[in-house]
Amino acid sequence: MRDKSRLATIFGSVIAALALGIAVPGSAQAASCSGYQCDGHNPNIQTWQSGPVTPYDIDLGSSNHLELRWGKTDGDQYGWARLEYSSIPPAYNITVERCNKGGGSCETGLGKKAAGASGWTVKKAGTSNTYTTWTPMYYNPSTKQVRACVTPTAGGTKRCTAWY
């Protein structure tokens, strides 16, 4: 009986630790985000000083739009991709690309999300059938530029917004 009680105590402690581990990163993320350490964070739970705004977008047809979004938090600028579509998620993956402004080093395929990805898709407020899926956010310092890209999952041509 004593072993069952000890096991129950250990199990309860593990559950409590997991709950804290899950709750703390989301709340700490929004409070202590700065620079490259913010790469991969969810922009929907971030506190923004300015933005988010959409400087560039592409009409993909069939009521589908790819947007490059940006906003500032803690004085730093970040960019992410957002896909807006009606009803059924199109067979697309969306990503962010980040490159040096002077050429050279580029990072492609950042934050890859499939249209309709769980936890990264919401129904647009005030609409009956319009949804948005977004990528994580990526730091965009003055030496870099970012753009949003969409690639059909069954193969096809990648399309990207202009650089920002």
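This is a predicted model: local features need pLDDT of at least 70, side-chain atom pairs count only at pLDDT 80 or more; totals for chains, interfaces and linings use all residues.
1. Strand E1, residues 50–61, is joined to E2 by seven bridges, and the two strands run antiparallel. Together E1 and E2 make a hairpin that leaves two residues between them, and in that turn Ser62 has a positive phi of about 55°.

2. Strand E2 also pairs with strand E3 (residues 76–86), again in the antiparallel sense, here over nine bridges. Thr73 has Asp76 as its bridge partner in E3, and the hairpin formed by E2 and E3 has two residues between the strands, with Asp74 in the turn showing a positive phi of about 50°.

3. Turning to the aromatic side chains, the structure holds eight aromatic pairs. In one of them, the rings of Tyr36 and Tyr139 have centres 4.8 Å apart and planes at 85°, and because planes over 60 degrees apart count as edge-to-face, the pair is assigned to that class. Tyr36 lies in the loop between helix H1 (2–31) and E1, whereas Tyr139 belongs to strand E8 (residues 138–139), so the pair ties together parts that are 103 residues apart in sequence. Tyr36 is partly exposed at 44% relative accessibility, while Tyr139, with a relative accessible area of 14%, is buried.

4. Another pair, that of Trp70 and Tyr164, has ring centres 5.6 Å apart and planes at 15°, so it is stacked, the limit for that class being under 30 degrees. This pair links distant parts of the chain, with Trp70 in strand E2 and Tyr164 in the segment after E10, 94 residues apart. Trp70 counts as buried at 15% relative accessibility, and Tyr164 counts as partly exposed at 29%.

5. Finally, Tyr36 and Tyr139 belong to one aromatic cluster, which is formed by these two residues together with Trp48, Tyr78 and Trp80.

Definitions and conventions:
Residues are numbered from 1 along each chain as its sequence is written. Side-chain values use heavy atoms; hydrogens and water are left out. Two strands pair if DSSP finds at least two bridges between them. Helices (H or I, at least four residues) and strands (E, at least two) are DSSP runs, numbered from the N terminus. Rings of Phe, Tyr and Trp (its six-membered ring) pair if their centres lie within 6.5 Å; planes under 30 degrees apart count as stacked, over 60 as edge-to-face and the rest as tilted. Buried means under 20% relative accessible area, exposed over 50%, partly exposed in between (1.4 Å probe, protein chains only).
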